[in-house]
Amino acid sequence: MRLQIRPNTTLRVQGTPALTLPAPGQPAETPDGAATYALTTNTGAPKEIRASLDEALPPGLSLEVKVGAPESRGRGATSDGWTALRPSAARVVHDIQKSRDSGVPITYRAVATAQAAPEDYRVTVTYTITRSN
Amino acid sequence: MPPLRSFLGPCRLSGVCLRGVCLRGVHLRAVSSCVVVLLGLALLAPLGAAQAQRVEDTHTVTAEVAPVSAVSVTALPPLVTGPESGGAVTGTYSVVTNRPAAQSIVVSVEGTPPEGVALYVDLEPPTGAQKAREASLQVLTPDGTATPRAVVTGIGQVSATDLTVSVRTEVGVAAAPGDAAVRLSFELVE
């Protein structure tokens, strides 16, 4: 019998993160468990997760994310801590090797200045796992 | 059936049918092998592409920015004055609003004011806004008539602190000696 184990990597984000900004200059953070992700990868090459926005944020609004590090074999994955979200991809976790983990926390933090008009904003954050350069 | 020559290029790549080009049967078998190999390559190609592909998923984050409009004035120091002398005090105020529509700060006298006292108010406008008039505006006349006044206009989305507020009084002989309190209201309106 011949057995072929294919390389596979899956990344799934979960939750409906929502923030309410009470006043200009006062940051708000998503509660624990509001957003998580699951990761499965059987390739040993070091990988990283990057996050980007589908479009620029409106004036006066800034959004940051802190993505927890998954359990990972090897030297262990590391979170990059609070990272500003922009249309250009920013690294949020690095040094991911073989891993199978779920419920890894994703926390969002936003702050608005008076320049951000009072309304509901919806932004799409894309998470990409790629091989580290 | 296309001529064998048309299959020679791809077949050479697979190394399957470099021979047997004379007999029709061999020719067909060779062509079949070529198709199988090419099909196999075609199936493997996406697998290789998938391995190189980036894996991604998306989150939709909602952020609700609450409407905020507020004016806050520090307590003004007491003013000691008398007939014919008048006097003025200054303090500071802050204003914050994220409403896009232009707003004004309206100052008014609340309650029953003391008789014989006139009050004038002047506010330093935040960035982008203007004073309604260069001179201070009268909000109370000696006969006790209180008139709300838009002292600063054209206030856009702003957050400003430590702006100067000045209150000037004119006291006539009708004003009774003693302590008197005047309650001033500062309101941000569209």
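## Exercises on strand pairing, interface and cores

Strand 4 and strand 10 (residues 183-189) of chain B pair in the antiparallel sense over seven bridges; strands (DSSP runs of E, at least two residues) are numbered from the N terminus, and two strands pair if DSSP finds at least two bridges between them. Residues are numbered from 1 along each chain as its sequence is written, while chains are lettered from A and ligands numbered from 1 in the order in which they are written. The model is predicted: local features need pLDDT of at least 70, side-chain atom pairs count only at pLDDT 80 or more, and totals for chains, interfaces and linings use all residues.

**Exercise 1.** Determine which residues are the bridge partners of V109(B) and Q103(B), and which residues form the covered face of strand 4 of chain B.

*Solution.*
1. In strand 10 of chain B, V109(B) has L184(B) as its bridge partner.
2. Strand 4 of chain B also runs antiparallel to strand 8 (residues 149-155) of chain B, joined by four bridges; there, Q103(B) is partnered by I155(B).
3. In a regular strand, side chains alternate between the two faces of the sheet.
4. Strand 4 of chain B (residues 103-110) has Q103(B), I105(B), V107(B) and V109(B) on its covered face, and S104(B), V106(B), S108(B) and E110(B) on the uncovered one.

**Exercise 2.** Identify how many residues of each chain are in contact across the interface, and which strand of chain A gives the most to it.

*Solution.*
1. Contact (C-beta atoms, placed from the backbone, within 7 Å) involves 39 residues of chain A and 24 residues of chain B.
2. Strand 11 of chain A gives the most to the side of chain A that touches chain B, namely eleven residues.
3. That side comprises 25 nonpolar, ten polar and four charged residues. Ala, Val, Leu, Ile, Met, Phe, Trp, Tyr, Cys and Pro count as nonpolar, Asp, Glu, Lys and Arg as charged, and the others, Gly among them, as polar.
4. Ten bridges join strand 11 of chain A to strand 1 (residues 55-65) of chain B in antiparallel fashion, and R122(A) stands opposite T62(B).

**Exercise 3.** State how many residues the largest nonpolar core has and which strand of chain A gives the most to it.

*Solution.*
1. A nonpolar core is a set of buried Ala, Val, Leu, Ile, Met, Phe, Trp, Tyr and Cys residues joined through C-beta atoms within 7 Å; buried denotes 20 or more other C-beta atoms within 10 Å of the residue's own.
2. The largest such core has 30 residues, and those with the most contacts inside it include V125(A), A110(A) and A63(B).
3. Strand 10 of chain A gives the most to this core, with five residues.

Conventions. Two residues are in contact if their C-beta atoms, placed from the backbone, lie within 7 Å. A residue is buried if 20 or more other C-beta atoms lie within 10 Å of its own, exposed if 12 or fewer, and partly exposed in between; C-beta atoms are placed from the backbone.
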